[in-house]
Amino acid sequence: MPPRFSPDSRLVKAIEPSPNFGERRGVIAPDMLILHYTGMKDSEAALRRLCEKSSEVSAHYFVFENGRIVQMVPEKKRAWHAGVSSWEGGSDVNSRSIGIEIANSGHDFGYPDFPKKQIKAVIALCKDIIKRRKIRADRVLAHSDVAPARKRDPGEKFPWTKLHKNGVGHWVRPARTLRRKSLRVGDRGEEIRAAQEMLAAYGYEISPTGTFDENTRKIVTAFQRHFRPKRIDGILDPQTRATLHQLLSSRPHRRD
Ligand SMILES: [Zn+2]
């Protein structure tokens, strides 16, 4: 059994130590917060899995549907939640981040709404971590933002607007403009390159090739899941493009 530890947050109701962690590499302290859903029908089983050595996965925190918060890995350690992922050019997201697993069966099992109590607890926990760790608003992200080719969680039902209203994360109201055209798979040209550059500037792992390929579609889809959740179709329509533009111009200043 891994040794027990003291909770990092006063909001933690119980410690369920996971053996799946290591030392953070090349960073002094985490400066990202990654939100997940568990993607399993049974939340107790999801927690058990995150604490089983054979699963080789974990996260720092687990938030049940009723708002109960459990800590599995101390914040100073590197938990194993993000997998192959990248943001702002950094590929070891696990070393840089704190991971929160939110109990929800996910897209494969009906994708229920997140209960109010659960979201309230997630907001409180995020606020607590952000304050202690001084995490920048635009580094509070979905798993799908850092691994758009593989992941959909926590998904388009996750209320980023509500989090933002409560001081968690970077978000703008989806914008509207009629001047731009829609860009989609198969399109090529300078407009695509410019859009890819904007996505990369925000943090997504994408090369400005000028071709709207399958990878670009996946990243646009991830972007929409987070920032324009009403329609997720992988098409860079005028609203999606304008929202991306506004996000870039309103992002908090970089520290480095
Ligand atoms: Zn995840």
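Where in the chain does Glu 56 lie? Glu 56 sits in the loop between helix H1 (43-50) and strand S4 (61-63); helices (H or I, at least four residues) and strands (E, at least two) are DSSP runs numbered from the N terminus. This is a predicted model, in which local features need pLDDT of at least 70, side-chain atom pairs count only at pLDDT 80 or more, and totals for chains, interfaces and linings use all residues. Residues are numbered from 1 along each chain as its sequence is written, and side-chain values use heavy atoms, with hydrogens and water left out.

**Domains and their contact**

- The protein chain splits into domain 1 (14-165) and domain 2 (190-250), with bounds from an automatic or database domain assignment.
- The C-alpha centres of domain 1 and domain 2 are 23 Å apart.
- Domain 1 puts 16 residues into the contact and domain 2 puts in 11 residues; contact means heavy atoms within 4.5 Å.
- Between them, domain 1 and domain 2 bury about 1,200 Å², with 59% of it on carbon and sulfur atoms. Buried area is the accessible area (1.4 Å probe) that two parts lose on being put together, summed over both.
- Trp 87, Pro 148 and Glu 156 provide 38% of the area that domain 1 buries against domain 2, more than any other three residues.

- Arg 225 and Glu 156 meet through their side chains in a salt bridge (2.7 Å, N to O).
- Strand S8 (140-142) and helix H4 (143-146) each give at least two residues to the side of domain 1 that touches domain 2.
- S8 gives the most to that side of domain 1, with 3 residues.

**Zinc site**

- His 36 (ND1), His 143 (ND1) and Asp 153 (OD) coordinate the zinc ion at 2.1 Å. Donors are N, O and S atoms within 2.8 Å of the metal (3.2 Å for Na, K and Ca); water is not among the atoms, so sites may look incomplete.
- Along the chain, the donors of the zinc ion have the spacing H-x106-H-x9-D.
- His 143 lies in helix H4 and Asp 153 in the loop between H4 and helix H5 (160-165), so the pair ties together parts 10 residues apart in sequence.

**Backbone geometry**

- A cis peptide bond joins Asp 153 to Pro 154, with omega about 0°.
- Pro 154 is placed in the loop between H4 and H5.
- Glu 56 has a positive phi of about 55°, although it is not a glycine.

**Salt bridges overall**

- The whole structure holds 22 salt bridges.

Terms used. A salt bridge is a side-chain nitrogen of Lys or Arg within 4 Å of a carboxyl oxygen of Asp or Glu.
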